[in-house]
Amino acid sequence: ENFRNNGFPVAGSFLGHMKGSLANFKVKRLVGQYSIQMKTTANDAIYTIKDVRLYNCAKDIYPFCATARATVMASEGDRLTDEDILALNAGKTVHLYFIENMQGVLLPDNKNKKKKIPSSIELIESGLADRCTYIEITADISTPAASYRDGKYRFYLGQNETTDFNIKRNT
C-alpha cells in the first residue's frame, strides 16, 4: 500500500525462451500514476491545499489479465506527503499512485460532470460507489467576503469526466 517506501509491483511474461540463451525480460508497472497540478487562485478566491489522498483503492492485482475489476478494496490509498503539499501549493506537479481498478463505463448516458457522484452510481448497483476510486482534496478557501476551513472536493477518477470509472495500470 505504501509505494513510496516499498516500491511498485511489476509483472511480465516470458515466452519462447530457450535454455542457455540470452533474453530480455520486459516488465510493466502494475500501478498507475495520477499527476496533479492546481491553480491556487481563481475568481478572487485563494485556495490553500492541506491534504490530497485517494479513497476506495484496489488491493488486489491481476497481473496477467488485460483489465481487472477490483473486488477487494482499501478505504484509503496513496496520499501526498507534506513536501508534496508544499510543492502543489507552489504550482508544481505532484503524483499519487494507485492499483488498477477497471469498474467500467457506469453512467453511459451522463453528460454532466457534476452527476459523476456516489448517488448516481448507487442507482445502478448497491455498494458499487464503494468500489470506484476517487481523489479527495482538502483546502482552506479565502474570498474577499468569507473564509472557509477544510473544504473538501471529491472527484471520481476514470477515462473521462462523466461516464467512465476505469483507472488503468502503467499509465
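**View A. Strands β3 (31-36), β5, β9 (134-142), β10 (147-156) and β11 (164-167) each give at least two residues to the lining of the largest pocket.** The model is predicted, with local features needing pLDDT of at least 70 and side-chain atom pairs counting only at pLDDT 80 or more, while totals for chains, interfaces and linings use all residues. Residues are numbered from 1 along each chain as its sequence is written, and side-chain values use heavy atoms, leaving out hydrogens and water. The largest pocket holds about 960 Å³ of space. Its lining is made of 32 residues, and Tyr 34, Ile 135, Arg 154, Phe 155 and Tyr 156 are the ones nearest the centre. Sorted by class, the lining has 18 nonpolar, 7 polar and 7 charged residues. Here Ala, Val, Leu, Ile, Met, Phe, Trp, Tyr, Cys and Pro are nonpolar, Asp, Glu, Lys and Arg are charged, and the others, Gly among them, are polar. A pocket is an open set of points on a 1 Å grid over the protein atoms alone where a 1.4 Å probe fits, with protein on both sides within 12 Å along at least five of seven lines; lining residues have an atom within 4 Å of a point. Grid points are joined across faces, edges and corners, and the volume is the space filled by probe spheres set on them.

**View B. The second largest pocket has a volume of about 180 Å³.** Look for Ala 11, Gly 12, Val 27, Lys 28 and Pro 63, which are the closest to the centre of this pocket among its 13 lining residues. The lining of the second largest pocket has 5 nonpolar, 3 polar and 5 charged residues.

**View C. Asn 56 sits in strand β5 (residues 45-58) and is buried, at a relative accessible area of 12%.** Buried means under 20% relative accessible area, exposed means over 50%, and partly exposed lies in between (1.4 Å probe, protein chains only). The Asn 56 side chain reaches the backbone oxygen of Cys 132 at 3.3 Å. If neighbours within four places in sequence are left aside, Asn 56 is in contact with Met 73, Ala 74, Ser 75, Asn 101, Ala 129, Asp 130, Arg 131, Cys 132, Thr 133 and Tyr 134. Contact means heavy atoms within 4.5 Å.

View D. The disulfide count is 0, a disulfide being a pair of cysteine sulfur atoms within 2.5 Å. Cys 57 is buried at 6% relative accessibility. Cys 132 is buried too, with a relative accessible area of 1%.

**View E. Asp 78 lies in strand β6 (residues 73-79), with a side chain that meets the backbone of Tyr 97.** A polar atom of the Asp 78 side chain is 2.9 Å from the backbone nitrogen of Tyr 97. Asp 78 is buried, with a relative accessible area of 10%. From Asp 78 to Ile 124 there are 46 residues in sequence and 27 Å in space, C-alpha to C-alpha.

**View F. Leu 96 belongs to strand β7 (residues 94-99) and is buried at a relative accessible area of 0%.** Phe 165 is 69 residues from Leu 96 in sequence, while their C-alpha atoms are 17 Å apart in space.

**View G. Asp 44 and Asp 150 have positive phi values.** Most residues other than glycine have a negative phi. Asp 44 has a phi near 65°, lies in the loop between β4 (41-42) and β5, and is exposed, with a relative accessible area of 66%. Asp 150 has a phi of about 55°, is placed in strand β10, and is partly exposed at 38%.

**View H. The protein chain has 3 helices and 11 strands.** Helices (H or I, at least four residues) and strands (E, at least two) are DSSP runs, numbered from the N terminus. Starting at the N terminus, the order is α-β-β-β-β-β-β-α-β-β-α-β-β-β. The C-alpha trace spans about 75 × 40 × 25 Å along its principal axes. Of the 171 residues, 39% count as buried. Among contacts between residues at least 6 apart in sequence, 64% join residues at least 24 apart.

Note on methods:
A polar contact is a pair of N or O atoms within 3.5 Å; within protein, one must be able to donate a hydrogen and the other to accept it, and residues adjacent in sequence count only if both atoms are side-chain atoms.
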